[in-house]
Amino acid sequence: MVHLGPKAPPSRKGSMADVPRSLLDQIKQIETLFTVKPEKLISISDHFVKELDKGLSKQGGNIPMIPGWVLDYPTGEEKGDYLAIDLGGTNLRVVLVKLGGDRTFDTTQSKYSLPSSMRTGTADELFSFIADCLDKFVKEEFPEGVSSPLPLGFTFSYPASQDAINMGVLQRWTKGFDIDGVEGHDVVPMLQKFISQKNVPINVVALINDTTGTLIASMYTDSEAKLGLIFGTGVNGAYYDVVKDIPKLEGKLPADVSPDSPMAVNCEYGAFDNEHLVLPRTKYDIQIDQESPRPGQQSYEKMIAGYYLGELLRLILLDLAKDGFIFENQNLSKLQKPYVMDTSYPARIEEDPYENLSDVESLFLQLGIVTTEPERKLIRAICEIIGTRAARLSICGIAAICKKRGYKTAHCAADGSVYTKYPNFKQRAAQGLRDIFQWNTKEDPIVIVPAEDGSGAGAAIIAALTEKRLAAGLSVGIKGN
Ligand SMILES: Nc1ncnc2c1ncn2[C@@H]1O[C@H](COP(=O)(O)OP(=O)(O)O)[C@@H](O)[C@H]1O
Ligand SMILES: O=P(O)(O)OC[C@H]1O[C@@H](O)[C@H](O)[C@@H](O)[C@@H]1O
């Protein structure tokens, strides 16, 4: 036997010859529902630009466009030990960041899965849980204790209005969260209270959004970085605008903030098109929205974000089963459970390298469903259709920010499991940008690149920038803050 070195992983040919016409027709129908043509992408992104502008106006609009009060660009000389926590949609991360003062940083971190009951628990349970994780982490990392309280950057990945960088009033929960007593309140004192009660030596210095942190952390190491993006449980983007181009800040600026000052903006663009003017919503998208804790909100996010793509697949399969196309005589009780499929399901299905889709077969056996090979090919095709639409719609926010700011070139720094783990997301997203901009260059001038650790290093850098401003007696928010 000639050994030709390590075997190349099998790449699937994907013949559909054995798939009956009835299933091929269903695939075609779903593909028609979920296809977003180039001209549609262009019209969506043009409307998106108008909505971004509306969000910055005095009267506001669907998209919150939250000034993040990061008023300086990182210099790369920030130095010191900072703690960061990242309360995302799926995990809580605690990160110790050692800024080297030379555009380098080192991080040590622990990740704690958020108990799913936490999404609908009480505010005290949530903030006490975070304080406990911080307490555990500090005791592990500083067994001898600390000489003075550690400054902490709090990455809070939800839409929070900020009149200053060291506060944030939750506008609304997203990503399936529904915890009473937090919306409309400043979450910084809610967390600090539990930190103090548990005598954890920490001071919350800054509250940031994970996209703002991603932007700042990526600018720290990449001078071409102009956007910070998250494609994770939720979806969002941040960029730097200029204070004088933000009408809703008129008259609110303290004297030491110049109109030409840069201002990081947390777009919160998951809320794009809540009026349903341009996004091609299907009955499945409408069902997800209606069954969510906050119907009518986050329309764009609910079509493309990690929290929802697995649920989208589940609803489509249940619909086909109800109409008798698939899963005849199968027990669907597990598949009937909402959100039983997270987005790792379509991801793993698209990654199955075998012609007979044996990985898909075992995945559905775990759900108590015996599948035929033609059914598995239909399931695979539907995942590719869902994944392609998600990637193509995901870049509309990127195109809109670049059009609005007139960026001809940009590194768009992205993080989140859909970006980092969903198969073919990167290629599909890049094609979507090409379809919008119609570049005739060899290299794409606007590219999506892997981000630095925004909710860790980004939060730490922003905490360092904030401490510097406070030490210099400079403002960190609107007048009086
Ligand atoms: N292999 C995968 N491919 C794509 N998405 C995934 C994968 N595994 C998990 N996900 C989805 O990613 C989301 C978690 O995103 P992540 O960025 O890890 O956390 P967070 O959103 O809390 O920052 C979940 O909604 C989950 O469904
Ligand atoms: O990192 P996550 O949990 O996927 O969050 C991404 C986005 O999710 C959205 O739902 C939040 O409103 C944003 O603030 C956040 O940036």
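I used the cut-offs of under 20% relative accessible area for buried, over 50% for exposed and partly exposed in between, with a 1.4 Å probe and protein chains only.

I note that this is a predicted model, in which local features need pLDDT of at least 70, side-chain atom pairs count only at pLDDT 80 or more, and totals for chains, interfaces and linings use all residues, while side-chain values use heavy atoms, without hydrogens and water. Residues are numbered from 1 along each chain as its sequence is written, and chains are lettered from A and ligands numbered from 1 in the order in which they are written.

**Entry: K139 and its partner**

I found K139 in a salt bridge with D135, the closest N and O atoms lying 2.8 Å apart. The rule asks for a side-chain nitrogen of Lys or Arg within 4 Å of a carboxyl oxygen of Asp or Glu. An α-helix has 3.6 residues a turn, so residues three or four places apart point the same way. Helices (H or I, at least four residues) and strands (E, at least two) are DSSP runs, numbered from the N terminus.

**Entry: other salt bridges**

I then examined K322, which forms a salt bridge with D323, the closest N and O atoms being 3.3 Å apart. K322 is exposed, at 62% relative accessible area, and D323 is partly exposed, at 45%. Through shared partners, salt bridges join K283, D319, K322 and D323 into one network.

**Entry: two domains and their interface**

I took the domain bounds from an automatic or database domain assignment. Domain 1 covers 21-57 + 272-408 + 410-444, and domain 2 covers 67-224 + 235-267 + 451-471. Their centres, taken over C-alpha atoms, are separated by 30 Å. I counted contacts as heavy atoms within 4.5 Å; 23 residues of domain 1 touch 26 residues of domain 2. The two domains bury about 2000 Å² between them, 55% of it on carbon and sulfur atoms. Buried area is the accessible area (1.4 Å probe) that two parts lose on being put together, summed over both.

Which charged pairs did I find between the domains? The count between domain 1 and domain 2 is three salt bridges, and R405 and D241 meet in a salt bridge at 3.5 Å, N to O. I also found nine residue pairs in polar contact across the interface, both residues at pLDDT 80 or more. Helix 2 (38-56), helix 7 (299-304), helix 8 (306-322), helix 11 (373-405) and strand 12 (410-415) each supply at least two residues to the side of domain 1 that touches domain 2. Strand 12 gives the most to this side, with five residues. The side divides into 13 nonpolar, five polar and five charged residues.

A polar contact is a pair of N or O atoms within 3.5 Å; within protein, one must be able to donate a hydrogen and the other to accept it, and residues adjacent in sequence count only if both atoms are side-chain atoms.

**Entry: D241**

I located D241 in strand 10 (residues 235-242). D241 is buried, at 2% relative accessibility. The side chain of D241 makes a polar contact with that of Y239, at 2.6 Å. Leaving aside neighbours within four places in sequence, D241 is in contact with L56, I246, S261, P262, M263, V265, K404 and R405.

I located R392 in helix 11, where R392 is buried, at 11% relative accessible area. The R392 side chain reaches the backbone oxygen of V36 at 2.8 Å. Not counting residues up to four places away in sequence, the residues that R392 touches include K37, P38, L41, R428 and D435.

In helix 9 (residues 344-351) I recorded Y345, P346, A347, I349 and E350 as buried. These buried residues pack against helix 8, helix 10 (358-365), helix 11 and helix 13 (425-437).

Notes:
Nonpolar A, V, L, I, M, F, W, Y, C, P; charged D, E, K, R; others polar.
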